[in-house]
Amino acid sequence: MSASVPRLVIAAPSSGSGKTTVATGLMAAFAARGLAVSPHKVGPDYIDPGYHALATGRVGRNLDAYLCGPELVGPLFLHGARGCDIAVVEGVMGLYDGAAGEGELASTAHVAKLLGAPVVLVVDASSQSRSVAALVHGFASWDPEVRVGGVILNKVASDRHEELLREALEQAGVPVLGVLRRAPQVDTPSRHLGLVPVAERRAAAVEAVAAMAAQVLDGCDLGALEALARAAGSVPGGSAPWSPVSPSHHPTRSDKQPGPVVAVAGGSAFTFSYAEHTELLTAAGAEVVVFDPLRDEELPERTAGLVIGGGFPEVYAAELSANEPLRKAVAELAGSGAPVAAECAGLLYLCRELDGLPMCGVLDASARMTERLTLGYRDAVAVSDSVLAAAGTRIRGHEFHRTAVEPGWGAEPAWGVRGPRPRVEGFVERGVHASYLHTHWASEPGVARRFVERCRTS
């Protein structure tokens, strides 16, 4: 495919400025014009991509320069944008906010530079007029390698307010590409870890995305935004699209046999997953089958391995606990030594109990909700040999939860977390690998191949 796919990065001075509304609405508006739109999100966010997928009809994908390394941002972008007419990338936090203590690493600005993409700055104008010019000028001039190609003014109160903002921005030299009025009907509900995922409110989410699209169509210059996107040249560095198939992975005799079934937890309780994980498992020879622990009382037929990602089991603890047949099936599979990979929510589900309610009992540990938010990138090393990695394997991950597991690690911990406060965490027991750490397997594709091979031989 061409490495010059038209693209825009939607950024903001800070969180809460309206990036998700504008990015999702713009994706839907472009799609309504008949364009094939590739949706992307900077950072480890699992929830916004669900709204992006509704807007575009394509899988929402993440671009994370910390988890995957800067060198994979371009290839992963081109992989997701294959066959598309235009790509919209929603930023994270403020434009220049990245991994703590790591400079620009993993910031929206960093990703924009890696993609060679123009930035559209979304500014919450609700409490300012002439000052908006100083704000935009500062963001546009801070890093000469970041091209701020335009601004969209959000939460504008009136025609007079808009007039004052436009007059001020003429001095900043950054064109106004849209003006959005205050519109609470496009707000989406939040709770302790951000927006409520699409899977939990699909009908309402469809309405919210339609409202976002209507607001963008009414207030933004789509022609100018598309022209700005088309002005982007080739992705820097001569990147080729990422592929889940490793050039060094040669088919073996076992590859020609029916692949092992890898059951992947889904449904409303387990919505946190990167699309590349399923692609890597499939490329490694697995037959991936998604099941819903809230509704399915059995694991998929011929299940040889189990992947339980992140999500909100604490919200659905009663329903998960009530599905006793499936809890027993998971415990039996783990007890047989079959490979089981669990991240965050999956870790809680494998515990003996969650907030006093029985879970699968695979791990002799108890989980509970807490008031404390644990959040941040992590640099880790595998402490024990497991179905995912050999001891000593370096990987980068991310934690995001308001729960605690006691004890926090088993006799064979999963990861050693490096940094100012080194620690161990997680559990490796027979075929089980359970941890709070969210990882992106594209950074270490051997993880998926190792897991599938263990599914074949366990």
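Cys351 is buried, at a relative accessible area of 0%, where buried means under 20%, exposed over 50% and partly exposed in between, using a 1.4 Å probe and protein chains only. Cys360 is buried too, at 8%. The model is a predicted one, so local features need pLDDT of at least 70 and side-chain atom pairs pLDDT 80 or more, while totals for chains, interfaces and linings use all residues. Numbering runs from 1 along each chain as its sequence is written, and side-chain values use heavy atoms, with hydrogens and water left out.

Those two cysteines don't pair up: the sulfur of Cys351 has its closest cysteine sulfur in Cys360, 9.6 Å away, which is too far for a bond. The structure holds zero disulfides, a disulfide being a pair of cysteine sulfur atoms within 2.5 Å.

Turning to open space, the second largest pocket has a volume of about 900 Å³, taken as the space filled by probe spheres set on grid points joined across faces, edges and corners. A pocket here is an open set of points on a 1 Å grid over the protein atoms alone, with protein on both sides within 12 Å along at least five of seven lines; lining residues have an atom within 4 Å of a point. Of its 45 lining residues, Phe270, Thr271, Phe272, Ser273 and Tyr274 are the closest to the centre.

Helix H9 (275-283) is among the elements that each supply at least two lining residues, as are helix H2 (48-56) and strand S10 (261-265). H9 gives the largest share, six residues.

Note on methods: On a 1 Å grid over the protein atoms alone, a cavity is a set of points where a 1.4 Å probe fits but cannot get out, and a pocket is an open set with protein on both sides within 12 Å along at least five of seven lines; lining residues have an atom within 4 Å of a point. Helices (H or I, at least four residues) and strands (E, at least two) are DSSP runs, numbered from the N terminus.
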